[in-house]
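Visitor: Please take a close look at one part of this model, a single chain. I would like its make-up, its overall dimensions and its contact side described in one go.

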Amino acid sequence: MIDINESVMQFLLALIVAGPLLGAVAALLPAPPGLKGKSPEQAVLRHGVTVTGAVLIAAIVLALGFDHGHPSRMQATTDISWIPALDVRIHLGIDGISLPLLVLTALLTFLCALHSYFRTPSGPTPKAFVALLLVLESGTLASFAVLDLLLFFLAFETVLVPMYFLIARWGGEGRAEAAWKFILYTLLGSVVMLLGLLLIGITAGTFDMVALATDNGRSLTTSVQVIAVLAIGIGLAVKTPMWPLHSWLPDAHTAAPTVGSVLLAGVLLKMGTYGFVRIVLPVAPDGFRTFAPYLAALAVVGIIYGSLACLSLARRGAKGDLKRLIAYSSVGHMGFVLLGVATMTPTGVNGALFANVAHGLITGLLFFLVGALKDRTGSTDLDTLAEETGAALYGRAPRLGGLLAFAAVASLGLPGLAGFWGEMLALFGAFDPAAGLSRPAFLTFMAIGASGTLLTAAYLLLVVRRVCMGAAPQDRPRLPDVRRHEFAAWTPLVVLTVVAGLWPKALLGLTDPAVQQLLSGGTR
Amino acid sequence: MSAPAQQLAQNLVQSVDWLAVAPPTLVAVVGLAVLVADLFVAEHRKALLGWVSVAGLAAALLLLLPLLDGDRATFCLNDGTRACSYVADPFTLAVQLLVLGGALVAALLSVTTLKDAGRGLPEGEFWFLLLSSAAGAALLPASRDLATLIVALEVASLPAFALVGLRHGDRRSSEAALKFFLSSVTATAVSLMGVSFVYASTGTLHLTEIARRVQDVDGQLTTLADTGVVLTLVGFAFKTAAVPFHFWVPDTYVGAPLPIAAYLSVVGKAVGLTGLVLVTVVALPSYADVWGPALAALAALTMTVGNAGALRQRGTRAYSAVRLLAWSSIGQAGYLLVPIAAAAYSGDAERSIGSTVAYALMYGAVNLGAFAVAALVGRTASRNRLTDYRGLYASHPLAALLLAFFLLCLAGLPPGIIGLFAKVTVFSAAVDAGLGWLAVLMAVNVVVALYYYLRWTALLFRAPEGTPREHRSPAPLTAALAVTAVLAVALSGAPQLILRFAGTGLF
């Protein structure tokens with residue numbers, strides 16, 4: 001949109017990846033004079049806001065400077081040799097696929113830092129909290145920006161330790177166990193993924209994603225591709241998460257602090273699906289074709305399973321926890337993303353990427369709202385909240401209730417909001433899968449997946465009814481309504497949800513050319 | 001002089017490349033000097049001996065620099081084979097760097113330990129033994145004939161037994177020394193037997209010659225040669241503390257003074273692995289179908305048993321921190337064996353060996369760092385339990401952050417980038433060699449290991465029980481910590497510094 005010098009773009013991208021890391025180190029040092037603030041806690045939290053804010057601004061400038069005419073071209077690329085012995089290069093670059101995720105990550109982390117500034121997380125010192133948050137941001141941003149398989153693995157692993165500590169130290173009930181479950185599951189997945197990446201890199205002779213994507217699997221035999229896709233797929237599927245490898249997710253979400261849940265759902269899960277699109281699809285297409293029907297089948301099971309789990313949690317007397325419910329709904333939503341990827345068509349993959357971003361926005365918002373609800377009522381248990389008739393949020397805190405209803409409706413995929421396009425395109429893709437994939441099977445998946453949207457609507461409306469509506473007796477205290485900083489943190493998410501819903505071309509225009517090129521092996 | 005006599009003189013008198021043999025020689029000379037000086041140094045000046053030893057090790061490290069320019073060899077045969085007994089090639093230099101560096105850090109740790117022990121540990125003998133052992137360990141990677149190899153191995157390990165049992169009047173210490181001694185001597189006897197069989201069947205002791213001649217051994221002697229090969233390998237497997245030869249490790253580490261445990265965990269391991277590499281890859285490449293599967297199985301067993309043992313450690317048990325490090329070092333030895341096993345299968349054995357060397361260098365730096373923090377904590381909490389590390393961050397933030405970093409390097413997780421990439425080279429050696437099952441097993445082990453490393457790391461940052469104890473850290477200990485920390489951080493930024501060994505020819 002605006003013309004920015006290529007070397008400035010390179011610098012911006014490097015800053016986005018490395019900036020948070022430097023910020024994390026700075027957070028551990030004592031504040032310099034002049035920036036001490038009211039107290040050390042306040043100073044370090046403000047430091048977090050400053051750094052994430054700077055990264056967000058850099059990401060926005062990068063998005064503005066991005067050549068929107070050629071989104072399929074890698075831009076702002078840096079390519080420096082780092083470890084020649086392993087052929088690891090610091091190869092950074094963005095295209096239409098990674099740019100939206102990069103901006104989404106920067107935005108969500110900034111909002112999280114802002115949230116923590118006004119509501120200091122309960123737990124040990126905020127110093128470590130801010131440092132961990134920044135390391136987490138650096139890891140996620142790096143995994144979307146790097147173009148080297150081993151560097152991707154490094155970035156993938158970087159998020160594990162900070163997230164573990166965020167859950168284990170600042171989390172709620174059952175946090176120690178949940179944190180262990182999270183890190184052991186994900187690490188097991190990612191080590192297996194490393195084996196797949198090494199197999200590809202050693203066989204093909206390069207770890208460079210662009211070169212491998214251009215090669216489009218021509219230098220890999222089908223058997224190598226099948227083994228590699230299986231290994232990499234398991235690692236990514238744990239992260240996504242795909243049914244039946246999802247069982248770490250509900251516990252982690254329930255135990256994590258609000259900020260942890262937002263980032264986990266909004267950003268970390270995307271690393272799994274992004275890996276499918278960026279690595280598996282273009283690098284080993286033959287291997288992926290072998291597994292695509294199974295992936296689609298498991299994705300559809302995930303959709304139905306997630307919705308049914310949510311339905312049972314939303315029932316009266318089920319002692320359903322709202323955070324757990326949203327976590328299960330993530331399993332369902334990510335099922336749509338996986339279904340889209342499994343179709344191997346431009347439509348499906350575009351839908352998957354769209355759903356990815358939409359899920360990040362909407363679920364991030366939902367977790368923020370539930371966190372706010374917990375601050376006010378002290379509970380996320382649906383039965384405790386709703387009591388006999390319902391929590392009557394519309395009456396007690398109308399704006400909060402309205403926002404919650406908005407997020408729920410967006411999540412169920414109401415046309416005109418962000419949740420709609422991704423899931424619809426994924427189902428469209430399944431209607432006409434790529435050549436070589438069984439059409440009847442995918443038609444079945446499509447039909448089942450479509451019925452999943454009905455179930456999604458059912459449980460979300462149930463939640464809205466139980467939380468937002470209900471008789472509000474006079475003696476029940478009114479709850480403090482949305483505060484100013486909460487407005488500040490949530491408005492961008494709401495606005496973007498509406499914009500993406502009304503103007504999907506803004507996003508699809510970016511992803512589509514890049515997806516077309518990836519699927520055709522960079523030869524287009 | 002008659003012509004034959006002149007020829008004989010030429011065979012007997014040869015020019016020795018003193019620069020090439022300087023590093024181990026200097027260490028040995030300093031060791032002897034310290035032993036003699038001990039007689040003349042006044043009681044209150046004994047600390048001087050320690051600093052002389054540290055300086056000797058540092059000087060030996062510096063003497064590696066002039067050797068970087070190329071392969072040097074000395075003590076060569078004058079017949080047509082030109083086989084040499086002492087070779088200073090990149091492999092030798094890398095292992096000598098590890099051994100001398102490890103000994104230097106252990107020596108720095110010892111200065112404080114000796115001072116704290118007062119008269120419990122005899123200084124002169126301690127330094128002499130440590131330096132002799134280091135000299136043997138530094139000689140070992142350079143030796144290219146079986147006799148020198150065995151001599152170097154014994155010079156490296158015999159003083160170690162004495163060091164383990166040096167604490168006067170400590171029952172645990174002497175028991176550990178005895179355990180270590182008996183099992184180690186048995187292993188040496190076994191490998192000596194193997195060496196003599198190999199010598200009997202091939203008629204040479206030089207490794208490269210063995211590699212050539214063992215392929216066409218007289219038909220009657222093949223059984224003898226095969227037995228010799230297996231027995232030699234068994235002896236060296238013991239020295240790496242590979243399962244099932246690992247049982248002495250935890251008790252020995254706990255019984256020994258802490259710096260000696262650190263020394264054994266790095267230098268002792270390096271000694272065994274180097275011997276194994278020389279015997280397998282240099283001397284017996286034609287037996288790859290024998291030692292390849294055997295080492296693969298050994299690696300699998302070793303990492304699994306080591307990690308399972310580490311996982312079982314209860315935090316409240318006395319010396320559980322050292323025990324955990326002992327078991328984890330067994331697990332790490334398993335990872336170190338993987339590329340050696342892979343060398344049997346891959347076309348490029350030297351690259352695989354390079355992975356082992358790179359991993360060993362990484363492991364040396366961070367494991368010694370972890371031991372340095374353990375020594376620091378052990379000064380106030382003499383029982384060195386895992387629970388004593390609770391809240392270390394509150395009392396000593398820098399030490400806690402460093403220990404966390406070292407442990408994450410050992411686990412192979414960011415921010416321990418060098419640990420991660422060292423594991424990646426090991427994995428890639430396995431994948432390259434087609435040892436998929438071993439790679440998958442190692443993957444599972446990495447996850448298991450993460451559990452205990454991260455549990456310990458998390459403990460450091462918990463709220464302390466009671467008032468935090470003040471850890472005053474003496475200068476030598478700080479120096480040891482600083483050296484290992486700078487190394488680990490620098491390597492994390494530029495892993496190429498050691499991973500280059502995985503990409504180039506070493507021999």
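Guide: Chain B has 20 helices and two strands, where helices (H or I, at least four residues) and strands (E, at least two) are DSSP runs numbered from the N terminus. The model is predicted, so to speak of local features pLDDT of at least 70 is needed, side-chain atom pairs count only at pLDDT 80 or more, and totals for chains, interfaces and linings use all residues. Residues are numbered from 1 along each chain as its sequence is written, while chains are lettered from A and ligands numbered from 1 in the order in which they are written.

Strand S1 (residues 72–76) of chain B pairs with S2(B) in the antiparallel sense over four bridges; pairing requires at least two bridges found by DSSP. Within S2(B), Val87(B) is the bridge partner of Ala73(B). Strand S2 (residues 84–88) of chain B has four of its five residues buried, meaning that 20 or more other C-beta atoms, placed from the backbone, lie within 10 Å of a residue's own. Over chain B, buried residues make up 60% of the 507 residues.

The C-alpha trace of chain B spans about 80 × 60 × 40 Å along its principal axes.

On the side towards chain A, 27 residues of chain B are in contact with 23 residues of chain A, a contact being two C-beta atoms, placed from the backbone, within 7 Å. Helix H17 (417–432), helix H18 (436–460) and helix H20 (496–499) of chain B are the elements that give two or more residues to this side.

Technical notes: A residue is buried if 20 or more other C-beta atoms lie within 10 Å of its own, exposed if 12 or fewer, and partly exposed in between; C-beta atoms are placed from the backbone.
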